[in-house]
Amino acid sequence: MAPPWLEVLDDTVRACATHRRPDLAERLRERRNRLLDPKLRVVVIGESGQGKSQLINALLNAPVCAVGDDGTTAVPAVIEHSEAPRAAMITRGPAAIEGPASEPPAVESVTADANREARSGAAIVRTEIGLPRTLLADGLAFVDTPAPAAVDVVQSMSADVVMLASDATSELSPTELRLLEKVARLCPTIILALTKIDIAPRWRTVAERNRARLHECGFLATVIPVSATLRLAAARTGDKVLNAESGFGDLIRFLHHDLLGQAELLAKRTVSATSSHAVDELLGPLQEEFASTQQPGNDEVVTRWHAQGARMERLQRDSARWQTLLSDEVSDLLSDIEFDLRDRTRRVLVEADDYFDSADPQRHWEEFAEWLRANLAAVAETNSEWLLDRFEWTARKVGRQVAPHRPGALPDTLPREVPTDAVGEMRMPRVDRFGVGQKLFVGLRGSYSGVLMFGLATTVAGLNLINPISLSAGVAFGAKSVFEERGNRLKRRQASAKTAAHRYVDDFFLTYGKHSKDTARQIHRTLRDRLTAVADELRAEITESAKSIKKVIDEETAGRTARANQIRRDVEELSLLRRRAQALAATRPQPTLRGLPA
């Protein structure tokens with residue numbers, strides 16, 4: 001049956017693929033392949049000068065890692081078991097154990113040569129060394145790392161155990177603690193190899209303080225003080241007491257018995273750390289996205305939706321206002337137009353009366369009729385132009401309230417024709433002719449009274465009734481009667497002409513006034529209907545725009561809600577996966593003898 005940690009790791013790989021993190025999924029697959037390999041990889045890290053390379057040499061009792069000022073590690077060195085000593089310098093391929101190698105160099109010099117060539121710019125990936133050592137035969141493999149690339153090597157090599165080399169002359173530095181914090185996410189099983197205890201009289205105090213510091217930071221680390229110098233000296237002389245004093249016996253027993261014997265526990269702990277770290281990387285973006293879904297929607301869209309609602313309210317309020325304004329303007333216009341028409345026709349009648357105070361209609365009627373028709377036609381045209389100009393001004397005034405930004409809201413043109421029947425034909429009033437017979441009759445009637453009056457007066461003087469004086473008086477009286485009758489007849493003709501002109505102007509006023517009012521009402525209705533249609537169009541546009549914006553808001557809200565629910569489910573699944581991964585972690589292995597567990 002597959003171990004429990006393998007199921008958790010596979011579920012984590014699937015979760016990474018589901019959440020579109022192929023980089024994490026690939027890293028976990030590589031980790032899975034390494035965990036299935038029975039070999040236990042111990043990656044040794046540390047800052048320069050902490051005795052990291054010498055620690056590996058002392059463990060293996062072989063000078064496989066270059067030491068000294070000129071031997072600072074520049075490329076990783078992988079030391080594994082082999083039946084006979086061998087060495088290889090990997091110059092191509094990824095930073096992994098697999099890859100083609102160049103011609104094998106000497107075991108004692110391969111790391112020094114690789115470091116020197118890497119510093120000169122050569123593309124050296126790593127060195128691989130095989131040694132026939134009992135410590136390595138059971139599956140241990142050591143990796144010496146360059147200080148700047150320690151975290152990358154821990155990840156690429158899929159370390160099962162991380163060993164930090166730190167000298168006992170001082171406590172762990174902040175840089176070392178930060179390094180441990182990074183590598184603990186990739187490999188939780190950590191050994192603090194406290195080196196150089198041979199030159200640090202207070203190494204026990206430093207070890208205890210480091211143990212407390214590691215415990216305080218929550219690291220699964222074990223502190224083991226060692227001295228590579230004592231270990232190498234004991235190896236040369238075969239001094240077992242000196243070898244025990246070096247501390248390497250405790251370290252070897254811890255590696256060989258406590259770690260190799262608990263491979264399943266280490267795998268669980270490694271899977272717990274790597275899976276939890278991967279889940280945390282998946283949870284971070286999801287939680288950020290979930291927080292964004294809980295924020296209000298697009299402020300710009302919501303603002304536009306509220307603006308459309310405010311526009312609709314203003315349109316409803318303005319609708320009654322502009323209709324009242326249009327009615328008031330039309331009422332004022334009709335009153336002004338009627339007054340203007342009355343005033344202009346009155347001035348025409350005043351001129352007509354003045355004209356017929358002296359003119360004889362019998363002789364000047366045609367001329368007068370032509371003048372009157374022309375003046376009334378001018379009055380009609382002027383009044384009509386003023387009517388239409390006022391309507392255009394009123395339409396623009398009201399249109400600015402209804403649709404200020406819509407040029408086509410108003411009709412292009414208004415009717416400007418003047419009715420042809422407004423100025424009709426003018427008939428001359430009937431005038432009696434003052435002919436010769438009438439003149440003789442009037443003259444005889446007037447001369448009779450003159451002859452009789454002066455004839456009677458002259459009879460006192462003894463003259464006859466008919467005498468030259470009475471005849472002369474009769475002639476004078478007859479002529480006077482004829483002249484008086486002619487003047488009276490002229491005045492009657494003038495009065496008849498004035499009456500006819502007044503009647504004609506009144507007919508014009510009624511006819512054109514009716515046409516003017518009808519035109520005003522027609523234009524009023526046209527403008528009202530047109531502006532109402534524009535208002536309806538605006539209302540429909542605002543309603544449609546508000547609906548579309550509301551639809552977008554609803555869709556975004558629904559999408560955010562659906563996405564939030566999906567994220568909540570994903571977070572719950574990932575949280576459950578993280579709890580499963582954390583449940584794999586167990587009590588760390590304890591060293592025997594002088595090891596100080598953190």
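**Close-up views of a predicted model**

Figure 1. P201 counts as exposed because its relative accessibility is 77%, and exposure begins over 50%. The loop that holds P201 runs between β7 (190-195) and α8 (203-217). A168 lies 33 residues away from P201 along the chain, and the C-alpha atoms of P201 and A168 are separated by 8.8 Å.

**Figure 2. L527, a residue of helix α16.** Helix α16 spans residues 468-584 and includes L527. With a relative accessible area of 1%, L527 is buried, since the limit for burial is under 20%. F391 is 136 residues from L527 in sequence, yet the C-alpha atoms of F391 and L527 are 9.1 Å apart in space.

**Figure 3. The packing of helix α3 with helix α11.** Two packed helices are described by the angle between their axes and the distance between the axes. Here α3 covers residues 52-60 and α11 covers residues 248-259; their axes come within 11 Å and cross at roughly 80°. The angle makes α3 roughly perpendicular to α11, because values from 65 to 115 degrees are classed that way. On the α3 side the contact is formed by L55, A58 and L59, and on the α11 side by F248, L251, I252 and L255. By class, the residues of this contact are seven nonpolar, no polar and no charged.

**Figure 4. The packing of helix α3 with helix α9.** Helix α9 (residues 228-237) packs with α3 at an angle of about 30°, and the two axes are 9 Å apart. The helices α3 and α9 are therefore roughly parallel to each other, as angles under 35 degrees count as such. The crossing in which α3 passes α9 is left-handed. Q54, N57, A58 and L59 of α3 meet A228, R231 and L232 of α9. The contact of α3 with α9 comprises four nonpolar, two polar and one charged residues.

**Figure 5. The buried residues of helix α9 and the residue G238.** In α9, the buried residues are A228, R231, L232, A233 and A234. Their packing partners are α3, α10 (240-246) and α11.

**Figure 6. The largest nonpolar core and the surroundings of L251.** In soluble globular proteins, nonpolar side chains tend to be buried together. The largest nonpolar core in this model has 38 residues, of which I79, F142, M163, L251 and L255 touch the most other members. With neighbours within four places in sequence left aside, L251 is in contact with L55, L59, M163, I191, I224 and V226. Another core lies apart from the largest one and has 32 residues, including V154, L164, W203 and L214. Both L251 and L255 also belong to the α11 side of the contact with α3.

**Figure 7. The protein chain as a whole, for orientation.** The chain contains 16 helices and nine strands. Of its 598 residues, 44% count as buried. Among contacts between residues at least 6 apart in sequence, 82% join residues at least 24 apart.

Terms used. Residues are numbered from 1 along each chain as its sequence is written. This is a predicted model: local features need pLDDT of at least 70, side-chain atom pairs count only at pLDDT 80 or more; totals for chains, interfaces and linings use all residues. Side-chain values use heavy atoms; hydrogens and water are left out. Axes are lines fitted to C-alpha atoms, for helices over the stretch in contact, and angles run from 0 to 180 degrees between N-to-C directions. Helices (H or I, at least four residues) and strands (E, at least two) are DSSP runs, numbered from the N terminus. Angles under 35 degrees count as roughly parallel, over 145 as roughly antiparallel, 65 to 115 as roughly perpendicular and the rest as oblique. Contact means heavy atoms within 4.5 Å. Ala, Val, Leu, Ile, Met, Phe, Trp, Tyr, Cys and Pro count as nonpolar, Asp, Glu, Lys and Arg as charged, and the others, Gly among them, as polar. A crossing is left-handed if the near helix is turned anticlockwise from the far one by less than a right angle, and right-handed if clockwise. A nonpolar core is a set of buried Ala, Val, Leu, Ile, Met, Phe, Trp, Tyr and Cys residues joined through side-chain atoms within 4.5 Å. Buried means under 20% relative accessible area, exposed over 50%, partly exposed in between (1.4 Å probe, protein chains only).
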